[in-house]
Amino acid sequence: MSAVAPTASVRSGGYRLTLPRTLRSEGIKLATLRSTWWSIAITAVLTIGIAALIAFAMSSSAGPQAGAINGITAVVMPIQFTALLAGILGAIAVTGEYSTGMIRSTLTADPRRGRVLVAKAVVLAAFLFLASLVMFVVAAVIVSAILGAHGGGLEWGTPDKVILPLLSAALTMSVCALIGVSFGFLLRSGAGAIAATVGLLFVLPIMSNFFAFGGESWKWVLDAANYLPLSAAQSAILPSDTAALSAGVAFLTLGAWVAAGLLGSWVVLRSRDA
C-alpha cells in the first residue's frame, strides 16, 4: 500500500516557517533556560538593593538639603554593574546553543540564518527591556519612599526627570544584551564571548581613565572612551549640559554598537558552518 503524499496546503500553509513562529521558538528557548531566570533574579536584587542603599546614603548625608535631591540618580546608578549581567545573558543565550549543538537543530529547522539572528535579537532585547523596566520602576518607588521620608523624592510629574531616564536605562540593558549576542555569534565560545563583553562594557572604561594622567597628548583616548557603550549610556540616561555627549549623539552611538555587532554576526553566521 502506497503512502499518501501530504497536501500542498499542509506542506506550505500548515507548517510554513514565518518570523512570528521563529520568534515564538526563540522565546520558548529563552524562557526554559534556568540561567535566564537566575540572571534576572540577580539583576533585580542588585538593581533594587544598590538603589535603596544609595538612597539611604543620600538621605543621611544631605540632612536639611534632602529635599533638593533628585533620586533618579540612585535608581539608574546600579546599571554600571547590572548591564554586565545583561551582556552575559545575551552571550550565553547564543553560546549555550553552540556548546550543546542545538544551534545545528535551530538552523536545520530554519535555514534562513538572518531570520534566526533577528528573532533571537528581538526576543532578548524585548525581554531585557521589559524585565529591566519593571526593576527600575520598583527601585524608583522604593527610592522615592526612602527620600520622601526625609523631604526628598523623585519628580514624577516631570517625565524628562523620571520616566525618560527609566526608559533609557531599560533600553541600555537591551543594548548590552545585544552586544553579548553579537560576541556570542562572532566567537561561539562561552568564555570568549563573556570575556569580550565584560572587557568592552567594564574593563575598557576603567582603563581609559588611566590616560587622564597623560596630559593633552592622550586626551584623544578619553574622548574616544566617551563613545564606549556604557559611557554613552550615561549621557543618554541623564542628559545634561556637562555630559560628555548630547542625548542624540549618545543614542546614535548605542544604535551604532548594536548595528555593527549584529551586522558582523550576520556575516559570520552566513559564511561559516554551525
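Visitor: At what angle do helix 5 and helix 6 pack, and how far apart are their axes?

Guide: This is a predicted model, in which local features need pLDDT of at least 70 and side-chain atom pairs count only at pLDDT 80 or more, while totals for chains, interfaces and linings use all residues. Residues are numbered from 1 along each chain, and side-chain values use heavy atoms, without hydrogens or water.

The angle between helix 5 and helix 6 (residues 102–109) is about 100°, and their axes lie 5 Å apart. Here axes are lines fitted to C-alpha atoms over the stretch in contact, with angles from 0 to 180 degrees between N-to-C directions. The two helices are therefore roughly perpendicular to each other (65 to 115 degrees). On the helix 5 side, Glu97, Tyr98 and Thr100 take part, and they meet Met102, Ile103 and Thr106 of helix 6; contact means heavy atoms within 4.5 Å. By type, the residues of this contact are three nonpolar, two polar and one charged. Nonpolar means Ala, Val, Leu, Ile, Met, Phe, Trp, Tyr, Cys or Pro, charged means Asp, Glu, Lys or Arg, and the others, Gly among them, are polar.

Tyr98 also has a neighbour from another part of the sequence. Ser189 is 91 residues away from Tyr98 in sequence, yet their C-alpha atoms are 7.7 Å apart. Ser189 sits in the loop between helix 8 and helix 9 and is partly exposed, at a relative accessible area of 33%. Buried means under 20%, exposed over 50%, and partly exposed in between, with a 1.4 Å probe and protein chains only.

Glu97 leads on to a pocket. A pocket is an open set of points on a 1 Å grid over the protein atoms alone, where a 1.4 Å probe fits and protein lies on both sides within 12 Å along at least five of seven lines; lining residues have an atom within 4 Å of a point. The second largest pocket has 14 lining residues, and Glu97 is one of those nearest its centre, along with Lys29, Leu33, Ile92 and Ala93. Helix 2 (19–31), helix 5 and helix 7 (113–148) each give two or more residues to this lining, and helix 5 gives the most, five. The lining holds seven nonpolar, three polar and four charged residues. The space inside is about 240 Å³, counted as that filled by probe spheres set on the points.

Helix 5 (79–100), helix 9 (190–209), helix 10 (219–225) and helix 11 (229–237) each supply two or more residues to its lining. Of the 17 lining residues, Gln80, Pro205, Leu230, Ser231 and Gln234 lie nearest the centre. Helix 9 has the largest share, six residues. Ten lining residues are nonpolar, seven are polar and none is charged.

Helix 11 is mostly covered, with eight of nine residues buried. Leu230 and Ser231 are among the buried ones. Its buried residues pack against helix 5 and also against helix 4 (72–76), helix 8 (163–187), helix 9, helix 10 and helix 12 (247–271).

As for the whole, the protein has twelve helices and zero strands. Both are DSSP runs numbered from the N terminus, helices (H or I) of at least four residues and strands (E) of at least two. Of the 274 residues, 41% are buried. Among contacts between residues at least 6 apart in sequence, 78% join residues at least 24 apart.

Methods. Parallel < 35°, antiparallel > 145°, perpendicular 65-115°, else oblique.
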